[in-house]
Amino acid sequence: MKSISKTFPGVRALSNVDFCVKPGEVHSVMGENGAGKSTLLKILTGVYSLETGKIVLDGKPFKPTSPVDAQAKGISAIHQEVSLLPYQSVAENIMIGRQPKNFFGAIRWGELNRLANIAMQRLGLNIDVTRSISDYPVAIRQMVSIARAVDMKCKILVMDEPTSSLDEGEVKELFAVVRNLRDEGVGIVFVTHFLDQVYQITDRITVLRNGELVGMFEAAQLPKLGLVGHMLGKNPDEVQALFVQKAESAHVEGSKPFVEARGLGRVGAVKPFDLEIRSGEVLGLAGLLGSGRTEAARLFFGADKPTSGTIAVDGKNLGRLSPKVAIDNGIGFSPEDRRTEGIIPDLSVRENICLAIHKKISPGGFISLKKQVEIAEKYVKALNISTPSIEQPVKNLSGGNQQKVILARWLASQPKLLILDEPTRGIDVGAKSEVETAMKDLSKDGMAILFISSELEEVVRSSHRVAVMKDRAKIAELSGDQIDEQVIMSVIAGGGQHAQTN
Ligand SMILES: Nc1ncnc2c1ncn2[C@@H]1O[C@H](COP(=O)(O)OP(=O)(O)OP(=O)(O)O)[C@@H](O)[C@H]1O
Ligand SMILES: [Mg+2]
């Protein structure tokens, strides 16, 4: 790709960017949220038309007219926003556009299911492919879109944040498949915000910043700090300074809990557990994917109905909890799946941020435009949300910036307990440290925070106390010096001297 530029109204997403991928290499494209990574790859895969510059594929000029066209010419893609058909089976999703048919043009279901099974097994997954995709959690859906992309014969495989919902084991399976494809001569383009993953699999790295090319590097010759420095436009010392803080122990011990769960549980989702969260503390929920962290968090917000136990806020039993009751009692919830539960695509950045405030701060449900602008601008600045204006529809923001908007909404609503489920997924390193700072400031001001993250480093850095989940049960509570990656790992692995049974 040579001299690629792309302009959206008010935004220059790419200016004169060069990029190339060779057969048999894994090439990562790195950059902050809004740097232009997805835009570049959407031009390569025919989602956006090529307006300036040129693309050469296998020595021949290449100008895809649509994703289908690009696919026919050997470019297969997994986009950042998973696009699956929610009411169709896993098998149908994998085989979209490639269904085996019989002589009369009817779909051969047995064969379709058989092929889909093979594709999933290649990723190490044994699931019922005849069930609807909507029966499965986000991680499985992500694996399905990966299975679909890698199953197609291609010369180039583009993967835009394919691993954001996957656990370590699933990432391993994926990388094994990627290495095979690479050895078969496929050129692989990879985008992620997990730096460790970049170094596990990448041969070369192209860095973008503000729509411009910073440079292309051999991964082996670019240390992590140097990479982050290029992404943020900072020198390595400044980068290091971003991540040294650790949560000071909160002066909350002994104070009464804000929320108290007793024997709270839901059959099939989480076994009954006790948990207290005090005002002014960040309680980290650690555990592997599928350990029940999200399920536990959802019970605190009434998003799912518990089948046992009680929740009390400020010592008062809440009875039947629903999201409305939760919000009325000062509980806010930023969910992990922003596409289905968070963002309202057609509303502006300002409206999306102010959405949860309305009812609370203003009894009549009205909040002046001036106030809204003030709040939206404050958070756009605090979280460094990249947008030409606060009136931009949220759907036009990059994936990571949409994530920041959701977070801003809940920060702005100033709940007494804020539940953050994977708030840093898909956001860049700079913003991760901004989120950590925001959590720290808010807890200092007395907010209770329930923090879920798959990145243990983050949990350890930000939490005053940590509850560990495994196999859908709370197995331990850690505080003080026990808040340590090694300790948490050994508790999860079953070392469990801290384990308590509920
Ligand atoms: N459809 C669109 N309309 C208007 N602006 C857009 C559109 N798509 C992207 N942009 C803007 O172009 C810029 C680059 O966005 P892009 O999605 O390529 O970023 P990215 O590097 O993929 O970021 P992320 O890491 O958050 O996914 C951003 O400023 C974004 O707001
Ligand atoms: Mg993107």
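Strands S11 and S12 pair in the antiparallel sense over six bridges. I begin with this pair in what is a predicted model. S11 covers residues 257–266, and S12 covers residues 270–278.

Strand S14, residues 308–313, runs antiparallel to S11, and five bridges join the two. One of the residues concerned is Glu260, whose bridge partner in S14 is Ala312. As for burial, S11 is mostly covered, with seven of its ten residues buried.

The next step in the sheet leads from S14 to S15. These strands also run antiparallel, and two bridges join them. Ala312, already named as the partner of Glu260, stands opposite Asn317 in S15.

I now move to a helix, H5, which spans residues 138–151. H5 has 14 residues, and the distance from its first C-alpha to its last is 20 Å. That is close to the 20 Å expected at 1.5 Å a residue.

Is H5 mostly covered or mostly uncovered? It is mostly covered, since ten of its 14 residues are buried. The buried residues include Gln142, Met143, Val144, Ser145 and Ile146. Ala147, Arg148, Ala149, Val150 and Asp151 are buried as well.

Against which elements do the buried residues of H5 pack? Two strands are among them, namely S6 at 75–78 and S7 at 156–160. The buried residues of H5 also pack against helix H3 at 90–94, helix H4 at 109–122 and helix H6 at 168–183.

Finally, I come to the domains. The domain assignment of the chain gives domain 1 as 4–241. Domain 2 is given in three segments, 243–330, 417–422 and 457–502. Taken over C-alpha atoms, the centres of domain 1 and domain 2 are separated by 34 Å.

How values were computed: Residues are numbered from 1 along each chain as its sequence is written. Chains are lettered from A and ligands numbered from 1 in the order in which they are written. This is a predicted model: local features need pLDDT of at least 70, side-chain atom pairs count only at pLDDT 80 or more; totals for chains, interfaces and linings use all residues. A residue is buried if 20 or more other C-beta atoms lie within 10 Å of its own, exposed if 12 or fewer, and partly exposed in between; C-beta atoms are placed from the backbone. Helices (H or I, at least four residues) and strands (E, at least two) are DSSP runs, numbered from the N terminus. Two strands pair if DSSP finds at least two bridges between them. The expected span of a helix is 1.5 Å times one less than its number of residues. Two residues are in contact if their C-beta atoms, placed from the backbone, lie within 7 Å. Domain bounds come from an automatic or database domain assignment.
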